Amino acid sequence: MQDTHKKTKDISGELMEIRRIPLEGAKNIRDFGGFPTKDGKYIKPHRLLRSCELCVTTEKDREVLVQEYDLKKVLDFRTVKEREEHPDPVMDGVVNLHMPVLDEKALGVTREGQDGDFLDQLAASVMSPGFDATRYMSDIYEKIILSDNAARQYGRMFDELLAQEEEATLWHCTAGKDRAGIASILVLSALDVPEAVIEADYFKVNDFLRDENEKLCRSVEDKMNNHSIHDGLMKMFIVHNAYLDRMLHTIKIHYGTMSGYLEKGLGLSRDKKELLKQLYLS
């Protein structure tokens, strides 16, 4: 797959751009409203939101999400420790559900200890002999697809979306790139959004978090007095076509198709998929 994170064409052939919701604190948050499907329909606005961790939102941001975007449900894919260290803010009238996709620490994906030794551990891994960041991250994507626990949580996600007949559901992890990114690929695939649009959404996180990622890399490089680790660190902070390719290859090997994974792996039957389209497309 190609990195099509700039602009992409919708089903009509017109250029569309993936835009973030303009909040003060959260830089990686977007509304899927207006995304086209293969049969000419569009995702309803203010229904499906993906995000980074919500602890970075300001009070004004939360007012925007609740009052303007009708947010009613939050699905948190982080680990228990991530939630303890950086809990989601309470929002009136919003249900918050914990769905830990990974039940253990995974450097580059989970960020336990990000206020302490997280970056030290990350740097140590990148600096270790023979470490290949691309292979490491790709392996995590494969692990998620083959994980019974991840399948349960993503299956629960679809159940919650099917139960939400109106208003918005938001899902997030920490950076909002891997666990939330995979969730977004699954949801958009279930709604028959074109592959080019799904890819554009997946890669857009690299634009939204570019400045933050560069700042993190410089901080670690300066602390370790080692500027040769920049590329390895950056591969842990971004999404890459190799990660997406490994995910799709794993699905193909074990389930045949994305539809096969959605149905057999996550329990999204054809009837449920049709209901999902009824709820979220116009």
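1. The protein exposes about 12600 Å², of which carbon and sulfur atoms supply 47%; accessible areas come from the Shrake-Rupley method with a 1.4 Å probe, and for residues only the protein chains shown count as cover. This is a predicted model, in which local features need pLDDT of at least 70 and side-chain atom pairs count only at pLDDT 80 or more, while totals for chains, interfaces and linings use all residues. Residues are numbered from 1 along each chain as its sequence is written, and side-chain values use heavy atoms, with hydrogens and water left out.

2. The secondary structure comes to 13 helices and 7 strands, where helices (H or I, at least four residues) and strands (E, at least two) are DSSP runs numbered from the N terminus. Of the 282 residues in the protein, 55% are buried; buried means under 20% relative accessible area, exposed over 50%, and partly exposed in between, with a 1.4 Å probe and protein chains only. Among contacts with a separation of 6 or more, 73% are between residues 24 or more positions apart, a contact being heavy atoms within 4.5 Å.

3. The largest nonpolar core has 72 residues, and those with the most contacts inside it are Phe77, Tyr154, Met157, Phe158, Trp171, Leu186 and Met247. A nonpolar core is here a set of buried Ala, Val, Leu, Ile, Met, Phe, Trp, Tyr and Cys residues joined through side-chain atoms within 4.5 Å. A second, separate core of 16 residues includes Leu23, Leu49, Leu54 and Val94.

4. How many aromatic pairs does a search of the whole structure find? There are 7 aromatic pairs, given that rings of Phe, Tyr and Trp (its six-membered ring) pair if their centres lie within 6.5 Å, with planes under 30 degrees apart counted as stacked, over 60 as edge-to-face and the rest as tilted. Phe77 and Tyr154 form an edge-to-face pair, at 5.5 Å centre to centre and with 75 degrees between the planes. This pair links distant parts of the chain, with Phe77 in the loop between β5 (71-76) and α2 (80-85) and Tyr154 in helix α5 (residues 148-163), 77 residues apart. Both Phe77 and Tyr154 are buried.

5. The pair of Tyr202 and Phe203 is edge-to-face because the ring centres are 5.0 Å apart and the planes stand at 75 degrees. Tyr202 is buried, with a relative accessible area of 0%, and Phe203 also counts as buried, at 0% relative accessibility. Elsewhere, Phe32, Phe35 and Trp171 form one aromatic cluster.

6. Helix α6 (residues 179-190) has 12 residues that should span 16 Å at 1.5 Å a residue, and its end C-alpha atoms are 17 Å apart, which agrees; the expected span is 1.5 Å times one less than the number of residues. The helix is mostly covered, with 12 of its 12 residues buried. Just after α6, Asp192 takes a positive phi of about 60 degrees.

7. Helix α11 (residues 241-255) has 15 residues and reaches 21 Å from its first C-alpha to its last, close to the 21 Å expected. Its buried residues include Tyr243, Leu244, Met247, Thr250 and Ile251. These cover an arc of only 125 degrees around the axis, so they lie on the same side of α11, the arc being that of the directions from the helix axis to the C-beta atoms. The face turned away from the buried side carries the exposed residues Lys252 and Ile253, whereas the cover over the buried residues includes α4 (133-146), α6, α7 (195-203), α10 (230-237) and α12 (258-265).

8. Most residues other than glycine have a negative phi. Asp70 has a positive phi, near 55 degrees, and is placed in the loop between α1 (59-68) and β5, where it counts as partly exposed at 34% relative accessibility. Glu167 has a positive phi of about 65 degrees, lies in the loop between α5 and β7 (168-172), and is partly exposed at 32% relative accessibility.
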